[in-house]
Amino acid sequence: MNITQEEMMSSTMECSPVSRVVIFGGTHGNEMSGVTLAKHWLKDPSELHRTTFMAEPCLANPLAVNKCVRYIDSDLNRCFSEDVLSSADSDNDPYEFKRARELNQRYGSGCLYDFVFDLHNTTSNMGATLLRCSKDDALSLHLANYLQSSSGSVSMPCYNFLIDIPKKDNIYLQNIGKHSCCIELGPQPQGVTRADVLSRMRQLVNCGLDFLDLFNHGKEFPSFQTDIYRVLSRVDYPRDSFGEISAFIHNDLQDKDYVPLKPGDPIFTTINGEDLFYDGEKVVYPTFINEAAYYEKKVAFILTEKVSWKVPALKLKTPEDHHGTPK
Ligand SMILES: [Zn+2]
């Protein structure tokens, strides 16, 4: 199903140069790859210099990082709604509402950054998931393609993940930038730093910065075809009449993120070993299976469909292009 083929058929996309780049770690204070990298880069940002820009590291939720918890009062990565951002601070606000406004002022509406990286870990077996909330961000899709094609022999696969929502309904931190990509690596337990996951995250960010630098230098990137996993629905655990979880992720589904789930496949099992089966009508691709942080959100896994997109070629928009008057 190529639903966006027509939308993305324009032969070449032109984007302005990318000069302001921010890399958020610790948006969730217990996702340690981003926390560790942001802290390191705040002490020594030399690794983030490129010839055409200097990326800026930022610890997004420093209070949550200090306590090694996901958030203090409210999930920061759900606080970037128009409602929250346009309201004035009040004493009763959750800490993260105020922090979201600060970050938006500094990197979003106050001074629009060109590219936002937001670094996360998941406890699910998601490999390297490149998550975005806009299907129209061709620059970000080219960056993802560059990361995928630069992965070479690296064992951790790279997936394109799309939460397809209108910008006005976007509540995620990455929404504040002009272009963005959330890098979600797993599996890694909360509060734990695994060296292999850390080095993969670092490599992906550096590779992304290299791509943006090449783009700024005028390198043109050809059109390509890519697979996107687009969110269909969120599935809750089975619950008893008290609202308690009554069945758990089935052993056959555990760690099978991005593996096709067919009608009739087992998805849950009760404590007594009774299996429950997927009753959908088509093959889907489950993700965020048994993610620890999603128990409170009543999400056992997120179902996606795999769609193939043609992404148009990408080139730098020059001032001449912009005004249509070559020098
Ligand atoms: Zn996270």
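Predicted model: local features only at pLDDT ≥ 70, side-chain atom pairs only at ≥ 80, totals over all residues.
Residues are numbered from 1 along each chain as its sequence is written. The chain is assigned domain 1 (12-223 + 312-316) and domain 2 (229-309), and the largest nonpolar core has 82 residues.

**Domains**

- The bounds of domain 1 and domain 2 come from an automatic or database domain assignment.

**The nonpolar core**

- A nonpolar core is a set of buried Ala, Val, Leu, Ile, Met, Phe, Trp, Tyr and Cys residues joined through C-beta atoms within 7 Å.
- Buried is 20 or more other C-beta atoms within 10 Å of a residue's own, exposed is 12 or fewer, and partly exposed is in between, with C-beta atoms placed from the backbone.
- In the largest core, Val22, Phe24, Phe117, Leu130 and Ile183 touch the most other members.
- Helix H6 gives this core its largest share, eight residues, and at least three residues come from each of domain 1 and domain 2.
- Leaving out residues up to four places away in sequence, Ile183 touches Phe117, Leu119, His120, Ala128, Leu130, Met201 and Leu204.

**The three-stranded sheet**

- Helices (H or I, at least four residues) and strands (E, at least two) are DSSP runs, numbered from the N terminus.
- E9, E10 and E11 form an open antiparallel sheet in the order E9-E10-E11, with strands pairing if DSSP finds at least two bridges between them.
- E9 (247-249) and E11 (275-277) are the edge strands, each pairing on one side only.
- The twist averages 35° from one strand to the next, using axes that are lines fitted to C-alpha atoms (for helices over the stretch in contact) and angles from 0 to 180 degrees between N-to-C directions.
- Three antiparallel bridges link E9 with E10 (residues 266-270), and Ala247 has Thr270 in E10 as its bridge partner.

- Gly186 to Pro187 is a cis peptide bond, with omega near 10°. Pro187 sits in the loop between strand E7 (179-186) and helix H6 (195-216).
- Cys68 isn't a glycine, yet its phi is positive at about 50°. You'll find Cys68 in the loop between helix H2 (62-67) and helix H3 (82-86), and it counts as partly exposed because it has 14 C-beta neighbours inside 10 Å.
- Asn290 also has a positive phi, of about 60°, without being a glycine. Its loop runs between strand E12 (285-287) and strand E13 (301-311), and Asn290 is buried because 21 other C-beta atoms lie within 10 Å.

**Phe53**

- Phe53 is in the loop between helix H1 (32-43) and strand E3 (56-59), and is partly exposed, with 19 other C-beta atoms within 10 Å.
- Phe53 and Arg20 are 33 residues apart in sequence and 7.0 Å apart in space, C-alpha to C-alpha.
- Not counting residues up to four places away in sequence, Phe53 touches Val18, Ser19, Val21 and Asn216.

Technical notes:
Contact = placed C-beta atoms within 7 Å.
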